[in-house]
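Dear colleague,

Please find the structure below. My notes on how two parts of one chain meet follow it.

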Amino acid sequence: MQLSGGEILIECLKREGVEFIFGYPGGAVLHIYDALFRMQDDGAPRHILVRHEQGATHAADGYARATGKPGVVLVTSGPGVTNAVTGIATAYMDSIPMVVISGQVPSSVIGSDAFQEVDATGITRPCVKHNFLVKRVEDIAPTVKKAFHIATTGRPGPVLVDITKDATDPRVKIPFEYPETISLRSYKPAEAGHPGQIKRAVELLLAAKRPMIYTGGGVVLGEGSEPLRALVRRLGYPITSTLMGLGAYPATDRQFLGMLGMHGTYEANMAMHECDVLFAVGARFDDRVTGNLEHFCPYAKIIHIDIDPSSISKNVKVDVPIVGPVKRVLEQMLEQLDKTRRKPDEKALAAWWQQIEEWKKVDCLHYDRDSKKIKPQAVIEALYRITEGRAYVTSDVGQHQMWAAQFYKFDEPRRWINSGGLGTMGFGLPAAMGVQLAHPDATVVCITGEGSIQMCIQELSTCLQYRLPVKIVSLNNRYLGMVRQWQEMFYEGRYSMSYMDALPDFVKLAEAYGHVGLRVEDPKDLEKTLQDAFAMKDRLVFLDVITDPTENVYPMIAQGKGHHEMHLAPEERELA
Amino acid sequence: MLDRTRDRLPAGRFGPTLPRGIDKGKHMRHVIAVLLENEAGALSRVANLFSARGYNIEALSVAPTDDETVSRMTIVTQGTDEIIEQITKQLNKLIDVIRVIDLTESAHIEREMMLVKVAVPREENGRLGQLVEIFRGHVIDVAGDTYTIELTGTGTKLDAFVDNLQGYDLIEVVRSGPLAIARGGRALRV
């Protein structure tokens, strides 16, 4: 089979089982787009034309998070790739498998400051797992094979393949062969945990008097949910999760203490503080989780499973490190549990649970349910009821994100899709497009705010083109809420630039894009309006929910404080 | 405003607390050898890693090995044990990196090369010649009053040589940065 570079690329994507390409055409990728056009009826992946390259990367990212399969992006050189950088960095921080193909100026003019030339591999180097510059047509197939292999194995991440325009020249055809397998001598991710370490970990876990299990996004990414559930139930230990790990263990289960960290629950953070054995699974001890490291789990011996050795003892020294894929390692631990005669200390465990029940009585997620203004927490609770907890929920970044994490109880992995590491405003809507394309029949909700949604609002147009019936729930408090909250708490109420004075009419805006817009201002209308919105199965509905502008996210651990130094919601408070 | 901040825990409620965080131990000099794919961008990935994560590089040298697909890099850096552990882990994580070893963990040999250009009046070149001989260097170029000397050794030896040149007109000093290899039969190979 003689193919041009453009055709080879599309053929490679077909062989990789790629369903969707999220992209935007331009000069340097014209040959590729022409090949795509000609191969449309020949099983080429479906191309989704976004309205901004940032949207393409977030959509591919959302697709990847919802399916576990790599997201694929195609952008042109220069501004095409610089616009994609935010989305690439977002995926990198959360270890999302993604392959980004970017066009590059012809190899003969590289380095001459040609039109739409940027050093794409240079610009993206700090925020990709790996990247390649391909200048010869014969290198396209092996490089794409490597890119998918690297993106999807070990600790996943985005890989960029920058292809010069001359390498896709339609006049140059070469025999096509796609490598079946690939082996890189410099890249061999661990396949299982070290048996000695597994044994030590199990012994330590069983010796615990006040055990705590802390899980992260790695459990979701590594498909470790099943063995995790089995292990946690078998041990009967309490479990908490980071923002990224929500859903790996069912939030409605009695052993689940809710999210931990800066806006985690009182019981989860207190149990972290007082535990004597901490079992960290696929989590990376992020600063938003640990609080002040000086006070972090001061009584605990720590066991840590991670696929990435560099995550272990990076921020917190651990006692029993286990490098390996989370699913396999958890299975090994279950096997080890079968082998040992030792049982958990039931008496100590009962006392520990009693203490945890005491902490739960604080009712840390308490908010004013009789308010005359719509409370953002109430919106998420209503949303949870109406979608029966089964929606795919994407979010942007800020207060709404934290409320979504606190009040929507995710029972399954890959349902909660948000930018945790980079904290990218503008992520939610394009990510929801990727999720909806992956699961056309599922209910997909984007929980956002009036600040975040405007960062990628142009994708409403893409949603119309591909008939994506995403439900956008915008908690409109007229403030950049999280910024305002910090300014209230730590800057004596100097609300510097956290208020937007000229917001669009979001209902009309949604309508202008060809969608349905609804506004709700009275708590009495909330439930009904949400029901109406979700009844419109085939339409994108933009819900502009006017919420209480003074509401803050609680509980909160201020920066520099330990898990045991939480702020709970004050009974009465006024905006300073 | 009612503040329900809770800080009810007496220190050490369950006995001694364990030290947490990455300790602030002593910064030591380490020599790290890296084998990496001889490919465009590989060097910049390593350099990028050091600057992005705030590690310092005192010296770095890199060249292809007997296997032309592989380059060997010698990095001299400073850090606590924990920082050095992170550096080696982060280097290992780079896709182009094949092997990493911290040579300072065991017996090893270091050699650095230096070229020194110095202007010496004719009547004093005898003393310079002696000095070069004592340090087992070579004069590799002479042009008028200008002598270029090649010297190999450990960093301290090179420093000592330069110190001894005080009083001469030192025109240029070029140092390669150290190369290092493990003692005995141990080897770093692909």
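A salt bridge is a side-chain nitrogen of Lys or Arg within 4 Å of a carboxyl oxygen of Asp or Glu. Please keep in mind that the model is a predicted one.

The domain assignment divides chain B into domain 1, residues 24-105, and domain 2, residues 109-179. The centres of domain 1 and domain 2 of chain B, taken over C-alpha atoms, lie 29 Å apart.

How many salt bridges are counted between domain 1 and domain 2 of chain B? The count is one. R29(B) and E110(B) form a salt bridge, and their closest N and O atoms are separated by 2.8 Å.

On the side of domain 1 of chain B that touches domain 2, at least two residues come from each of β1 (28-37), β2 (59-64) and β3 (70-79) of chain B. The largest share, three residues, belongs to β2(B). By type, the residues on this side of domain 1 of chain B are four nonpolar, two polar and one charged.

In total, seven residues of domain 1 of chain B are in contact with five residues of domain 2 of chain B. The two domains of chain B bury about 400 Å² between them, and 54% of this area is on carbon and sulfur atoms. Of the area that domain 1 of chain B buries against domain 2, 61% is supplied by R29(B), S61(B) and T74(B), more than by any other three residues.

With kind regards

Notes:
Residues numbered from 1 in each chain as written. Chains lettered and ligands numbered in written order. Predicted model: local features only at pLDDT ≥ 70, side-chain atom pairs only at ≥ 80, totals over all residues. Heavy atoms only, no water. Domains from an automatic or database assignment. Contact = heavy atoms within 4.5 Å. Buried area = accessible area lost by both parts, 1.4 Å probe. Helix = DSSP H or I, 4+ residues; strand = E, 2+ residues; numbered from the N terminus. Nonpolar A, V, L, I, M, F, W, Y, C, P; charged D, E, K, R; others polar.
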